[in-house]
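Hello,

Here is the structure you asked about. My notes come after it.

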Amino acid sequence: MSDLRTGIGWDIHRLVPGRRLVLGGVEVPAPAGFDTHSDGDVLSHAVVDALAGAMADGDLGTHFPEDDPDAEEARSLDFVVAFAARVRERGWMVSSLDSFVVLGTVRLRPHLEAMRSNLAVALGVDLDRVSVKARSADGLGPEGRGEAASASVSLLLSPLGAEQHT
């Protein structure tokens, strides 16, 4: 068996009226968006944390600190592009990525394919290696009540150039 690495990522941000809701690089029509310094894209943030974890290379804040002026209003999908390039430079590729976005007050299903596509392009992998799912949390917790949105990601890295079977 070839060498493999796994990573997990998770993020949550508060939602406030008048801000944009961006998930997986897709602007989703919603009455509230993320109260953050970047676009707050919890899905992209969780992907970066999963990539960094698989590489034992810190986390999102290590590589894209909140106090960096360039992070102000930054597009979080660009963080995925940058970190995916770092992963490839170290000889790895995403073999499989599975994710959940949790938000109970906005219908996300119509946007899931665009999120998948954006992430696949950002990671430099085929679409069939990326899964994005959504849950409502049945009105429970901050996500279910629409006070916050969260995302979790699990991924598998394999060596670049190794034969891939999925």
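Below is what I found, from the whole chain down to single residues.

This is a predicted model: local features need pLDDT of at least 70, side-chain atom pairs count only at pLDDT 80 or more, and totals for chains, interfaces and linings use all residues. Residues are numbered from 1 along each chain as its sequence is written, and side-chain values use heavy atoms, without hydrogens and water.

The protein chain has five helices and seven strands (DSSP runs: H or I of at least four residues, E of at least two, numbered from the N terminus). Their order from the N terminus is β-β-β-β-α-α-α-β-α-β-α-β. Of its 166 residues, 48% are buried (under 20% relative accessible area, 1.4 Å probe, protein chains only).

The largest nonpolar core has 47 residues. Such a core joins buried Ala, Val, Leu, Ile, Met, Phe, Trp, Tyr and Cys through side-chain atoms within 4.5 Å. Leu51 and Leu123 are among those with the most contacts inside it. Helix α1 (residues 42-54) gives the most, with nine residues.

Now histidine 111. It sits in the loop between β5 (92-102) and α4 (112-123). Leaving out residues up to four places away in sequence, histidine 111 touches Val26, Val28 and Pro29 (contact: heavy atoms within 4.5 Å). Its C-alpha lies 9.2 Å from that of glycine 24, 87 residues apart along the chain.

Lastly, lysine 133 lies over the face of phenylalanine 100, 4.3 Å from the ring centre (rule: NZ of Lys or CZ of Arg within 6 Å of the centre and within 35 degrees of the ring normal).

Best wishes

Conventions:
Buried < 20%, exposed > 50% of the residue type's maximum accessible area, 1.4 Å probe, protein only.
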